[in-house]
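Hi everyone, thanks for coming. Let me put the model up and walk you through a few of its features.

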Amino acid sequence: MGRREGDVAQLQVKKPHLAPKRSSFSEQTKDAISGYLYVSPFFILFAIFGLFPILFSFYLGFQRWNGLGEMEFVGFRNFQLILSDPLFWKSLSNTMIMWILGTLPQLIIGIILAYALNSALIKFKSVFRVSIFMPYVTSTVAVAIVFGIMFNSQEFGLFNVILGLFGFDPVNWGTSEWGVKVAISTMVFWRWVGYNTIIYLAGLQAIPNELYEAAVIDGATLRQKIMFITIPLLRPIIIFTVFTSTIGALQLFTEPLIFIGRSYREEGITVVLYLYREAFSNMAFGPASATAIILFLIIIVIASINVFIANRIAR
């Protein structure tokens, strides 16, 4: 009996002590994993619907493909076809003209409107801010349809009636070379000027009033306050709006498509509309992807030049 009790005691002594299990991840690692899991849906969706189409377009630019059959590698032939097509250069010139007519004025007018809305002389500022921003939240298709009616080529069209009041002949806005460009540029200007105005207004409200008060005490004029206080402090906002407006202008698509329809007339076709025609009308996805690549390079060059100029002007 005593021997058995001794064996039991010896077994209890030899029994190992079981330490509590520790997690292989630290709290900092767990927090990092949780953060990545929360943001992972965005990156997954971006990889599927954003990154993959971009990479596939670069690959498709060197292929011949009609969307159904097998792909055939053709090297730089798609780029040669695009660059030798007069319609592509016509679409590029149309895009640049519409950018000059519709985008550049909206940046200048946007700063002027924002400065006016930020001044103490304007009453009912909230009403004006909402009214100016309304075109941006309006459907692009609805805007294009309304402006298509306003720019009706008949004598009873709104703009032709206005021209008639000043003794001018009616303009064929739908088919004339400059009539189409002016109509589309007016749509772009009306739609985006409020967006840029609100951004400039937010930048103006961030400028301390003490700077303007000190300038008034020093005898600065309105022009001097704008040139030496407002514009330099708005430089980051100006660079941002110039960059985004340039990209948007070079990607102009909805307004010309609604205004001129699927006829793809030379007077109003843009680069993106030319790309759309190649892909979904001619079923030539290789040249369409090559056009997208060329447009991508053009956007980089022009946007960089605009940002450089805006940066120099705002100093």
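A quick word on terms: helices (H or I, at least four residues) and strands (E, at least two) are DSSP runs, numbered from the N terminus. What you see is a predicted model, where local features need pLDDT of at least 70, side-chain atom pairs count only at pLDDT 80 or more, and totals for chains, interfaces and linings use all residues. Residues are numbered from 1 along each chain as its sequence is written, and side-chain values use heavy atoms, leaving out hydrogens and water.

Let's start with the annotation. An unreviewed UniProt entry places "domain: ABC transmembrane type-1" at residues 92–306; such annotations may be inferred rather than shown by experiment. That span is 76% helix and 0% strand, and its end C-alpha atoms are 17 Å apart.

Now to a helix pair. Helix α6 (residues 140–150) packs against helix α8 (residues 177–205) at about 135°, with the axes 10 Å apart. Those axes are lines fitted to C-alpha atoms over the stretch in contact, and angles run from 0 to 180 degrees between N-to-C directions. Angles under 35 degrees count as roughly parallel, over 145 as roughly antiparallel, 65 to 115 as roughly perpendicular and the rest as oblique, so α6 and α8 are oblique to each other. On the α6 side, T140, V143, A144 and F147 make the contact, meeting T186, M187, W190 and R191 of α8; contact means heavy atoms within 4.5 Å.

Finally, S185, which also sits in α8. Is S185 buried or exposed? Its relative accessibility is 3%, so S185 counts as buried (under 20% relative accessible area, with exposed over 50% and partly exposed in between, using a 1.4 Å probe and protein chains only). Beyond its neighbours within four places in sequence, S185 touches M98, L101 and G102.
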